[in-house]
Amino acid sequence: MKHTLSFSRIVLSATLIGAGFSSAFADETIRDLAKERGRFIGTILNSEWFNDAIEPEFEEIHKTQFNVVVAENEMKFDATEPSENKFNYTKGDKMVEYAQANGLRVRGHALAWHSQVASWVSNYSGQKEKLLSVLKNHIDSVVGHWKGKVAEWDVVNEAVNDEYDAGWRSTNSVWYEGIGPEFLDSAFVWAHAADPDAELCYNDYSLEWGLREKSKASFVVEQVKRWKENGIPITCVGTQTHIEISHETTPQNVRALAKALAELGVTLNITELDIGFPKGSADQLGADDYAKQGHLYRQFMDVFLEEPNMGEFVIWGLTDAHSWLDDQQGKTQGLLYDKQYKPKPAFDSIMVSLKAHPASEVKSPYPESLFNPEAIKSSAKSTKLSMNLVGRTLSIAGATAARIDVFDIQGRPAFSARNVKGSVELQGVSKGLYVVRMQEGPKSLMQKITIK
Ligand code: G3I
């Protein structure tokens with residue numbers, strides 16, 4: 001009751017203050033409370049930021065209030081490989097440098113997506129081997145360029161269709177139409193080989209509509225189960241969660257999805273949240289509307305903090321002054337800050353939720369070292385994994401009971417063994433080039449091998 005009373009008083013004060021919004025939390029930040037709880041809360045850098053065409057308040061608020069960042073467009077295929085095998089990392093580097101200078105985690109968005117693919121790729125429509133080579137080269141190059149700097153990738157984005165009987169998105173996708181669904185498996189294996197320490201996500205929208213039979217969310221959970229059984233190195237799912245103010249059932253649907261993925265040992269991240277009002281309604285919105293928006297934001301934050309396998313809470317924009325909602329989505333006013341960069345009641349709602357969940361009660365899916373640099377030094381002393389192949393005998397070091405998985409270059413599993421000590425014979429694996437993954441707990445090592 002205590003929190004509820006303070007929550008309503010805060011919201012009332014925030015919405016009734018004169019011409020603009022103001023927060024009741026002047027000397028605390030979302031960032032500090034997120035870090036104390038072992039979580040990442042953040043938002044995108046809009047394309048205007050990359051083009052130095054945004055107000056100075058944007059960056060000041062962004063680096064003060066948040067501890068995770070993702071590029072709205074600048075790490076997508078068309079931005080990073082505009083011409084075949086000609087890469088442009090300038091804008092992505094600008095974000096990585098900003099993130100490193102300000103202690104922000106970086107999400108990479110997105111490697112394999114049917115949209116915003118560079119136009120030259122369509123020259124190879126239907127050519128399976130060429131498209132596999134193009135996608136592998138893209139992933140090797142982009143993930144390799146930011147190895148150790150991008151903590152997590154949306155490896156595949158929006159590959160499930162929008163039908164009620166969910167299945168793969170089989171049209172208007174150069175990857176699916178040219179390669180088939182195996183492009184997803186291969187993308188994850190290649191991304192892991194390029195940066196074994198990066199978290200690897202499958203990201204999609206409408207996953208917040210519930211785990212009913214044949215729903216998109218249920219289809220994704222089935223795929224994650226299959227991938228895990230086949231040794232495909234997925235570690236997270238991203239629920240974009242672009243919703244409207246009337247979508248009141250969605251927070252509990254996200255909780256159910258988190259619980260389903262927890263059983264598979266996979267993290268769930270909210271990756272693109274916005275809670276919009278109908279386009280054109282901005283002038284009619286009043287205190288009650290913004291309080292309702294805040295209440296829905298709070299429910300998502302409550303779910304996020306209470307589910308132990310949720311790691312990142314990313315909002316798809318900082319200010320209503322720069323939001324895809326108005327330009328492309330037929331919605332408006334969906335973010336935490338208004339067009340004058342004033343915090344809306346939704347900002348206070350998130351703060352109230354954070355304070356209502358003490359750090360001692362919030363579990364983190366991440367190692368403590370991510371939030372406490374001092375701990376990094378001690379963890380660095382842990383013995384490193386290593387592998388050596390002689391003939392078909394794979395010798396391992398740095399682990400007492402490792403899992404070994406061998407994949408061909410298309411990412412198809414070729415061999416697997418658990419509780420390996422010392423060495424293992426790679427029986428039944430034909431001659432050729434492979435990728436071996438060695439895992440023990442949080443430690444993982446990928447290595448290319450040739451079986452002669
Ligand atoms: O860069 C060009 C510029 O040169 C040109 O003058 C201008 C006018 O046409 O267009 C600019 O490109 C725009 C690009 O954003 C960069 O601003 C594209 O037209 C526009 O379509 C593109 O929209 C982005 C959209 O993805 C494309 O699908 C939005 O900013 C971005 O917020 C949105 O983000 C997606 C996520 O990646 C995936 N999940 C859904 C989410 C919302 O659609």
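## Backbone, sheet and ligand shell in a predicted model

Tyr341 is buried, with a relative accessible area of 7%; buried means under 20% relative accessible area, exposed over 50%, and partly exposed in between, with a 1.4 Å probe and protein chains only. The structure is a predicted model, in which local features need pLDDT of at least 70 and side-chain atom pairs count only at pLDDT 80 or more, while totals for chains, interfaces and linings use all residues. Residues are numbered from 1 along each chain as its sequence is written, and side-chain values use heavy atoms, with hydrogens and water left out.

**Backbone features**

Tyr341 lies in the loop between strand 10 (331-332) and helix 14 (345-356). Helices (H or I, at least four residues) and strands (E, at least two) are DSSP runs, numbered from the N terminus. The phi angle of Tyr341 is near 60 degrees, a positive value in a residue other than glycine. Asp52 likewise has a positive phi, near 50 degrees. This residue is placed in the loop between helix 3 (47-50) and helix 4 (56-65). Asp52 counts as exposed because its relative accessibility is 65%. A further backbone feature is the cis peptide bond from His109 to Ala110, with omega near 0 degrees; Ala110 belongs to strand 3.

**The ligand and its shell**

His109 is also among the residues that come nearest to the ligand, together with Glu72, Lys76, Glu272 and Gln328, out of 15 around it. A residue is near a molecule if one of its heavy atoms lies within 4 Å of it. By class, this shell has 3 nonpolar, 8 polar and 4 charged residues. The table gives polar contacts, each a pair of N or O atoms within 3.5 Å.

| Side chain | Ligand atom | Distance |
|---|---|---|
| His109 | oxygen | 2.7 Å |
| Gln116 | oxygen | 3.2 Å |
| Gln240 | nitrogen | 3.0 Å |

Taken alone, the ligand exposes 800 Å², and the protein buries 51% of that; these areas come from the Shrake-Rupley method with a 1.4 Å probe. Strand 3 (105-113) and helix 13 (324-329) are the elements that give two or more residues to the shell.

An open sheet is formed by 3 strands in the order 11-12-15, with antiparallel pairing; two strands pair if DSSP finds at least two bridges between them. Strand 11 (386-390) and strand 15 (423-425) stand at the edges with a single partner strand each, so one side of each is left without a neighbour in the sheet. From one strand to the next, the twist averages 20 degrees. Strand 11 is joined to strand 12 (residues 393-397) by 5 bridges, and Met387 has Ile396 as its bridge partner in strand 12.

Methods. Polar contact = N/O pair within 3.5 Å; in protein donor to acceptor, adjacent residues only side chain to side chain. Nonpolar A, V, L, I, M, F, W, Y, C, P; charged D, E, K, R; others polar. Axes fitted to C-alpha atoms, helices over the stretch in contact; angles between N-to-C directions.
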